[in-house]
Amino acid sequence: MTKPVAIVTRKWPKENEDRLKELFDVTLNESDKPFTADELKSALQNCDVLMPTVTDKITADILSVENRRAKMIGNFGVGFNHIDIAKAKELGIIVSNTPSVLTDCTADIAMSLLLMAARRVGEGERELRAENWTGWRPTHLLGTKVTGKKLGIIGFGRIGQAVAKRAHFGFDMDILYWDPYDIPSDVTKKFSATKLDTIEDICEESDFVSINCPATKETLHLMNEERFKLMKKTAFVINTARGDIIDEKALVQALVNKEIAGAGLDVFETEPNLPNELKTMENVVSFPHLGSATIETRLAMGNTAIENTLAFFAGTDLPNKVV
Ligand code: DGY
């Protein structure tokens, strides 16, 4: 039987690539160099399934390429804001993603950012590495206590709930959340989570605001100048979702004007470029989009993308169909 032709846009973990080679007539990207728009178009013309990831901007123009052969996009990643989903739907292109398998690791990174920002861990390590540590003293690098504080979670889906679990059971934090959807009461009861009516309420009440909602038209710049102004001067914002959910200019302003105490960021508006302030301010902890970056999770993401693709070619229900 002829194998489906697959094109993979970035390097995947070796075990995943070995499996891809067995199952598909696959072209891998040994150099790991991102595809240009023209290369993405040409890939769509020359494969049955394109297997891109979060760094590939798959626009309506790219999807509309003439003589497209690809019928499916098996994305490596949970987020699909880099793909024009409406256009894919219109053109009848099936799109799948890899949810669930990265929930825990992303929540771990949210907690790392929260703890590092609150306890000034990055500052301390930089001081030590620069040989500037003069020893223990009662007033050295005093941070903010995390245990028992209020954590406001914007977007109470899988990852938001995993953050709540860690914060509530590990750090005795009070969980507040906002979500446009109703969350089942057995879930909210587990973490004694309280739903607040508005995002403004979350901003006003929380000591830490964690962004865990998907990137959509509605959530673009959800954290803006007005909302930063509502936050406590002692509060921190943590983002492990997508960069453009925060208006980065407004965030920098809020940090410079000391309207908030700090930020912990794993995602940025125009990765890999970020405003200088977010790389240099002592009260900002920035990670290079590490949420799902563990061996276990990346392998699971690859395998999930493969399972979705196999289901498509077998004509069965996709485990994770977006459209
Ligand atoms: C995703 O899968 O969307 C993540 O951002 C990658 O960690």
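Of the 323 residues in this chain, 50% are buried, where buried means under 20% relative accessible area, exposed over 50% and partly exposed in between, with a 1.4 Å probe and protein chains only. This is a predicted model, in which local features need pLDDT of at least 70 and side-chain atom pairs count only at pLDDT 80 or more, while totals for chains, interfaces and linings use all residues. Residues are numbered from 1 along each chain as its sequence is written, and side-chain values use heavy atoms, with hydrogens and water left out.

Now the charges. Side chains of opposite charge can pair when their charged atoms come close. I count a salt bridge when a side-chain nitrogen of Lys or Arg is within 4 Å of a carboxyl oxygen of Asp or Glu. The count comes to 18 salt bridges.

Take E30 and K11 as one case: their closest N and O atoms are 3.6 Å apart. This pair links distant parts of the chain, 19 residues apart. E30 is exposed, at 55% relative accessible area, and K11 is partly exposed, at 41%. K11 and E30 also belong to a network of salt bridges with E17.

Which residue does R120 form a salt bridge with? The partner is E123, and the closest N and O atoms are 2.9 Å apart. R120 is partly exposed, with a relative accessible area of 27%, whereas E123 counts as buried at 16%.

Conventions
Helix = DSSP H or I, 4+ residues; strand = E, 2+ residues; numbered from the N terminus.
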